[in-house]
Amino acid sequence: MMLRRGSLVMEVAMLVALALASALGSAEGAYIAYNTSQGIVEGKINVHLVAHTHDDVGWLKTVDQYYVGSNNSIQGACVQNVLDSVISALLADKNRKFIYVEQAFFQRWWRNQSPMVHKIVKELVDSGQLEFINGGMCMHDEAAPHYIDMIEQTTLGHRFIKEEFGKTPRIGWQIDPFGHSAVQAYLLGAEVGFDSFFFARIDYQDRQKRKDEKNLEFVWQGSRTLGSSSQIFAGAFPNGNYEPPRGFYFEVNDDSPLVQDDVLLYDYNVQERVDDFVSAAISQANVTRTNHIMWTMGTDFKYQYARTWFRQMDKLIHYVNKDGRVNALYSTPSIYTDAKHAANESWPLKTDDFFPYADRANAYWTGYFTSRPAFKRYVRTLSGYYLAARQLEFLKGRSDSGPNADALADALAIAQHHDGVTGTEKQHVADDYAKRLAIGYTEAEQLVSEVLACLTEGKLNASCRNVSTKFEQCPLLNISYCPPSEANLHLNKRLVLVVYNSLGWKRVDIVQIPVSSNSVVVRDSDGKEIESQIWPLSSPSIRIRNFYARAHAGVSPSNAPRFWLAFTVTVPPLGFNTYTVEAVGSQSKHEGGMSTFSSVFVQEDAETIEVGQGNLRFIYSADGKLSRILNKKNTVDMLVQQSYTVYRSYNGSESDPQASGAYIFRPNGTIPTGTAGRIQLTVVRGPIVEEVHQEFNTWISQITRIYKEKEHAEVEFIIGPVPVDDQVGKEVATQLTASMITNKTFYTDSNGRDFIKRIRDYRADWDLEVNQPIAGNYYPINLGMYMVDRNFEFSVLVDRAVGGASVADGRMELMLHRRLLHDDSRGVAESLNEVICFPGECEGLTIQGKFYVRIDPLGGGAKWRRSAGQEIYSPLLLAFVEQDEVEMGSPLIRTFSKTSTSYSLPDNVAVITLQELKDGSTLLRLAHLYEMGEDKDLSTMASVDLKKLFEGRKINKITEMNLSANQERATMEKKRLVWKVEGAPRPETVLRGGPVDPVKLIVELGPMEIRTFVLMFDYIFLYTDDSMR
Ligand SMILES: [Zn+2]
């Protein structure tokens, strides 16, 4: 109906129309009361309009820039505007609803608001107009984070929501991460207590098939071990994104047609817009089961002026419902989930995960599994350090005024964002994450040093202050830089080394520190001399040390330490042991016990070299390359080669513009690494460890360490600066090739937890059309990968998130470094070309890291993967202090353990959280480390005796919680929705621990079970003789 002024005829017509319009309940050109109150209508297609904003906790701008709205020349985004305007838009109509996700932003905003706004917002939350969804600090990535970090960052957000609003988020909302993990579905979904879990990005081939078969929504059993006891309803959005249907974008500057319903104005279009709405709804309903569909009304940083969206949705709901063909309503994912549940439908079953993700042919998002490898390692290092720092904080009692580990918790949480640890942010944003981590670390380091001083001085209680022992730690030990251990050891002084073990088991391990003297003696906590070994630093290590100590610490290590010192330490569970290092003068009459100086020699031509003094032997052929691995204790004897492959990154400039970039891995052939000929090989031999130094070319070197007492090898690599003078980006992988028939099969972990079977060029859910045979077979690795044949298991473990693949039988490869010169057109608009500048002189990033290799007889590998995996995640924490003779007169307490004298956790259980909360209670998480059937002895019910674990303290109250500790486990189980699964029930045996008797205090854990408790202790822990040995 179009009306024009002008003629009498028209005015008469208008009067008639006015009469008609008022009969319909609205007046032309005047106020229209939109009816937005519609709920679900049975028998119609219900279009659930979910108003949302997707606010990246750092990407093109830093988290703070996004919050305040600065740096808008990069991206016009201001989260303050979003939250301010959403609140007033919700107040304008009580039927409007909005969901908010990222608590890092919400918390920033919340602390800026007045008590009056707090009251209003609480009312909006109580009424359901504003709902917190997902509820972690960020929307974490699902490929690069470790499961412990995912739990921590979710807990941080969930407990805040619980404390401030008394609410527990019901829905998982992982709409932007680039592929989805099994651990997300079962652990961060079902075990958190979510009723459903929604996301957008799955492989384009998979998505098409699921649309065709109406399988976009399903029941997901992420854990083979926990099966149906840990399943969740899950849904993938039909368009592969989290935006509204085309034509329904309503930010101020969007160009979708607005609903123009003022008859006095031109371009009245109500019927057209209603028709558009109905047609979009029907097309989505055609690929969706039940008559409920969800429209995600919003996208990145939208609702900065929320009324533009709500005004249009008010009108659409009003007119679409008047039209009556479909039913439109303000909704949330919770309302939508309840409607799906009420439909009583049976859903297809999904197992495993959604990796890797391709959004089109030749566009596999598998590069970010490795992008920014140094940052990924920094995140992982601090994750393990944080766990230890919280334990030590618990031992002393937390202090709100600090130092505490809160800043590190916050920085780690933000870094798990899907453009954080992924490496897909702009460089200045990566620097911002690293800065936050460094600040958090600095405070946690102070906390750790103070608690260790309290412990060693015997003053362990909350009032421990003014400790005199000033411990130093060495965060740059990875580049052989450790000022306290390198200091010249005077003859009347000694270096005291406190070694803390955050694992629940007694640990025997090797400590390796740089020292400046080649004649030292190491003593254990009884003052007894112990065996130690000394050898010179290699030149690649010295090179990286000199440059990076200046770049990172601003200091020039003038006197490079010339030697490594290694010795074996034995440390009790959740405790420490103390060792001392003393210099021995050449004129000294010291006898015996002095460090053994290693022999160092270069491989001669045509010489085969065998390395290793214990059971494990590595054999190198005459060309300097690894040729064979054998283990004298078991039957392992295998031909194994190891090499580096440099992929040439596709530049996107030819007919197909998809380049390799921060997200996407797209190789374009390989280039020679220089490994065709003979590799320079140097061997270090000694009583504790033997090393093989290989230089593959001028920018790839590695040291393989074989410890006498260990049956795995540790491989330390130094890669970089990756040369790009030829204008070609390069991606560096190491390949391990064994004489094994593996039938295209290999296994990779899910966020460091369950292992998932992978088959090359195959997906269980659809017939894979292979267009990238290398990139399309890459999977995220956080713990490790392995392959098996009829007799053996070959495992490799990693020290950070990387990408890994088996692109040929018997071969595994890990992508270790990437330096790229092109952007891959997914928004970051920068090439991943990391450089380090100092002073003003720039070179490409060099990375240092480790991976670990072991071959076991079939069935024997899990034990090593699980226990060594914990040791890699939680390395021994070292703290140093130098003492002179006077100080030696008042000796430190030399050894300590939190647990009862003879108590150690079972081999299949780890403490993954031990933290005193702000209210004085203690959060404890215990994790069973094995899957069902993974190990014949350890895939069994485990039990932990809390009385022995916390000897000296009485547990007054124990409450079992859900994973994110925002509700009691029993409450969560009671509320859990039960979903029907298509087909016959799968046979399964799920083993879970029973309730914990508050008197006996024994916690049982079934395979892969993680149990979370809040403990109240009866009294403050006093330093008892029992706990000191
Ligand atoms: Zn995002």
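## A friendly tour of helices, a sheet and salt bridges

A search of the whole structure finds 60 salt bridges. Keep in mind as you explore that this is a predicted model.

**A charged pair**

- Side chains of opposite charge can pair when their charged atoms come close.
- Arg325 and Asp275 give an example, with their side chains meeting in a salt bridge at 2.7 Å, N to O.
- This pair links distant parts of the chain, as the two residues are 50 residues apart.
- Arg325 sits in the loop between helix 10 (307-323) and strand 9, while Asp275 belongs to helix 9.

**The sheet and its helices**

- Three strands make up an open sheet, arranged in the order 8-1-9 with parallel pairing.
- Strand 8 (292-297) and strand 9 (327-330) are at the edges and have a single partner strand each, so one side of each has no neighbour in the sheet.
- On average, neighbouring strands of this sheet are turned by 25 degrees against each other, direction ignored.
- Strand 1 (residues 46-51) runs parallel to strand 9, and four bridges join the two.
- To find one of these spots, look at Asn46, whose bridge partner in strand 9 is Asn327.
- Helix 9 (residues 270-285) packs on the sheet and touches strand 1, strand 8 and strand 9; its direction makes about 120 degrees with that of strand 8.
- Helix 11 (residues 333-342) lies across strand 1 and strand 8, and runs at about 165 degrees to strand 8.

**Helix 4 with helix 6**

- Two packed helices are described by the angle between their axes and the distance between the axes.
- For helix 4 (residues 103-110) and helix 6 (residues 147-165), the angle is about 40 degrees and the axes are 10 Å apart.
- The two helices are therefore oblique to each other, and their crossing is left-handed.
- Gln103, Phe106, Gln107 and Trp110 in helix 4 meet residues of helix 6, including Leu156, Phe160 and Ile161.

**Helix 4 with helix 3**

- The axes of helix 3 (residues 79-92) and helix 4 come within 10 Å and cross at roughly 70 degrees, which makes helix 3 roughly perpendicular to helix 4.
- From helix 4, Phe105, Phe106 and Trp109 meet Val79, Gln80, Leu83, Asp84 and Ile87 in helix 3.
- Here the contact residues divide into six nonpolar, one polar and one charged.

Notes: Residues numbered from 1 in each chain as written. Predicted model: local features only at pLDDT ≥ 70, side-chain atom pairs only at ≥ 80, totals over all residues. Heavy atoms only, no water. Axes fitted to C-alpha atoms, helices over the stretch in contact; angles between N-to-C directions. Parallel < 35°, antiparallel > 145°, perpendicular 65-115°, else oblique. Left-handed = near helix turned anticlockwise from the far one by under 90°. Contact = heavy atoms within 4.5 Å. Pairing = 2+ DSSP bridges. Salt bridge = Lys/Arg side-chain N within 4 Å of Asp/Glu carboxyl O. Nonpolar A, V, L, I, M, F, W, Y, C, P; charged D, E, K, R; others polar.
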